[in-house]
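Trainee: I would like to go through some of the labels used for this structure and see what each one rests on.

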Amino acid sequence: MRTKRILKNAFKNLWKFKLRSFLMMIGIVIGIIALTVIVSVGFGAKGLVMERVKKFGLESLMVTAGGGVQISQMGSTGQLTATLKLDDAEFLKREIPAIKEIAPFNRKGNADVKYFEKATTTTLLGITPSYASVWDWDVTEGEFITDEDMAALNRICLLGPTVQKELFGEKDPIGEQINIGNIQFEVKGILQSKGTSPGGGDMDNRIMIPLSTFMRRVANVDYLAAIKILLHDSKEMNTTVENINSILRERHNISTGVPDDFTIITPTEVTKMAEKISGTFNLFLALLAGISLITGGVVVANIMSISVNERKKEIGLRKAVGANSKDIMRQFLFEALAVTFTGGIIGIILGGVGAKLLGVIMQMPISVSWESILVGVVSSSIIGIIAGIQPAKRAAKLQPIEALK
Amino acid sequence: MNNIIVKAERLTKVYNKGVGGDVFALRDVSLEIHKGELIAIMGASGSGKSTLMNILGCLDKPTEGSLFFEEKEVSKLGDKELASVRNKKIGFVFQSFNLLARTSALENVELPLIYSDKVNVTKLAKDALNLVGLADRVHHHPGELSGGQQQRVAIARALVNDPDIIFADEPTGNLDTKSSYEIITLFQKLNKEGRTIVLVTHELDIAEHAKRIIKVSDGRIVSDELNNSPRNAETELNKLVKEVKNEN
């Protein structure tokens, strides 16, 4: 009866002092909004990266030049091991029936490109016509590299959207002449946009030219950076990897006990990388969530503390008319609970709406993580309750006349 | 001796003021309050009269000495028992009313009942408001009431749990003459009905309405005398009303 009356009285109090209740609530609301938005955007970005990693494909594997290459080092522009040859690629395709398609390629980082006064730096890839199907990477305008281009060592190129924008702006680049290094190339097509790579690089800042042209005219090399291989069936993955391994070791004359001079990357490796990225992301998200919670918690603690201190007199009066310390604690605990709970709900709603809006405006994927929001609401409620209860406890311990002063 | 409500033995209250040394608000004060008394504790500001009343009313603790409330030693009571004494046995009226803002007169009077075991809370609160003549102001908030009316709400709050003793600290301190007489009239009426009342004042003409006047100076009781011919506030109130009418 008594508890019920105290709770009823506390609720009436909250309603009567709407502004005060609102101010108590706002810390929680802001904290949870921040948490919801940050975490949703973060999880969205993580989802996007994971999706890209998965696009590597279950039927794909990659042979890169050099032994013990980590997947994170792929695409780095350091000195390549010069043992992986185009003949290797063609031999593999011929000898292993499980292989559906191969895409040998080479690359050069930081290639200087010029179109009249406009200049930029990009990654130059030497590729074969099969690159399009193996990487699922076509042109949106113009034409892809053909076998004729390969045979004739044609000086034609495909531009990534970033390069296109840098050099041509709004102008149609098809048929225009650009300089890559000192060599003139004709723009044959515009590549489909691929956005950001799992490693964070701009996959649209690329120029692709025929592999033969790359090897003989540009880089003057006879070796490859890597071969991406597409299988007919992912079930043949393990045997194919073994086959490739033994064939390449034999062709490269590697005696028993000597390590490989190439690395085979399979979807398993890619999944491992994805998990590693996911782990980093989770850590980052936890950090962000932690910061927003601490900030929210500090705001809540301050406002609660100020609010309760302001009500010292009320606590004194309640004690003077017969409230014991427990009654006071019960009232403030209930008030803090009601405020933080309501604040948490409002925060989740506003945060969810905010995250969705942000996603639409900035064209980012959004993924709301309910677990982290729940953790947020619970922990900021605890902070709010402790912050609200502590000063009430202190005031309740005073002699009534001290609190009334 | 059974009619002693409060017994104070050698109460001393010291405030530690740091640089200036200790300040004695009360020194060695002993007194007894009997059932049915109407006592005025008088003294200049800083004399220690309010400190004495706060200790007698269990709102403060003495530094030394003991206080017995109905033969129980107050310092030995736990938090719950002490709260229960304040709730059931004592009614307190403050100079600054101490009403809860944005809260109706009725809810203010109900406040002590929240912490009691009583059931018919609203009825008891309405009865108390009726007793102080505010039956028509039940739903008014403190901001909508005059000073005198606010103090009557506070008195109703002090009365609502039917306490054994009512303490009033300068109850007329913030009021004009007419309202003051109204409040004293109310106290005299409540005393006549058998309630024990202790009020603190620095005004002699208020104190002269009491049946016993205790004078406090420098933290000590300097005189404690029965007033055989207390003034009647109701008579004075009527006189005042008549004078005002004549002037108009």
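Trainee: Why is Arg10(B) called partly exposed?

Mentor: This is a predicted model, and the label comes from a count. Arg10(B) has 13 C-beta neighbours inside 10 Å. A residue is exposed at 12 or fewer and buried at 20 or more, so with 13 Arg10(B) counts as partly exposed. Arg10(B) sits in strand S1 (residues 4-16) of chain B. Its phi is near 50°, a positive value in a residue other than glycine.

Trainee: What makes Asn110(A) exposed?

Mentor: Asn110(A) has 9 other C-beta atoms within 10 Å. The cut-off for exposed is 12 or fewer, so Asn110(A) is exposed. Asn110(A) belongs to strand S2 (residues 99-115) of chain A, and phi of Asn110(A) is near 50°, again a positive value in a residue other than glycine.

Trainee: How many of the residues in chain B are buried, as a percentage?

Mentor: Of the 248 residues in chain B, 46% are buried. The chain has 8 helices and 10 strands. Among its contacts with a separation of 6 or more, 69% join residues 24 or more positions apart.

Trainee: Why are H6(B) and H8(B) called roughly antiparallel?

Mentor: The axes of helix H6 (residues 177-192) and helix H8 (residues 233-247) of chain B cross at roughly 150°. Angles over 145 degrees count as roughly antiparallel, and H6(B) and H8(B) therefore get that label. The axes come within 8 Å, and the crossing of H6(B) past H8(B) is left-handed.

Trainee: Which residues make the contact between them?

Mentor: From H6(B) they include Tyr181(B), Ile184(B) and Gln188(B). From H8(B) they include Ala233(B), Leu237(B) and Leu240(B). By class, the contact has 5 nonpolar, 3 polar and 4 charged residues.

Trainee: How many residues of chain B are in contact with chain A?

Mentor: On the chain B side there are 21, and they are in contact with 18 residues of chain A. Helix H2 (79-88) and helix H3 (105-114) of chain B each supply at least two residues of that side. The largest share, 6 residues, comes from H2(B).

Trainee: What classes do the residues on that side of chain B fall into?

Mentor: The side of chain B that touches chain A divides into 8 nonpolar, 6 polar and 7 charged residues.

Methods
Residues are numbered from 1 along each chain as its sequence is written. Chains are lettered from A and ligands numbered from 1 in the order in which they are written. This is a predicted model: local features need pLDDT of at least 70, side-chain atom pairs count only at pLDDT 80 or more; totals for chains, interfaces and linings use all residues. Helices (H or I, at least four residues) and strands (E, at least two) are DSSP runs, numbered from the N terminus. Two residues are in contact if their C-beta atoms, placed from the backbone, lie within 7 Å. Ala, Val, Leu, Ile, Met, Phe, Trp, Tyr, Cys and Pro count as nonpolar, Asp, Glu, Lys and Arg as charged, and the others, Gly among them, as polar. Axes are lines fitted to C-alpha atoms, for helices over the stretch in contact, and angles run from 0 to 180 degrees between N-to-C directions. Angles under 35 degrees count as roughly parallel, over 145 as roughly antiparallel, 65 to 115 as roughly perpendicular and the rest as oblique. A crossing is left-handed if the near helix is turned anticlockwise from the far one by less than a right angle, and right-handed if clockwise.
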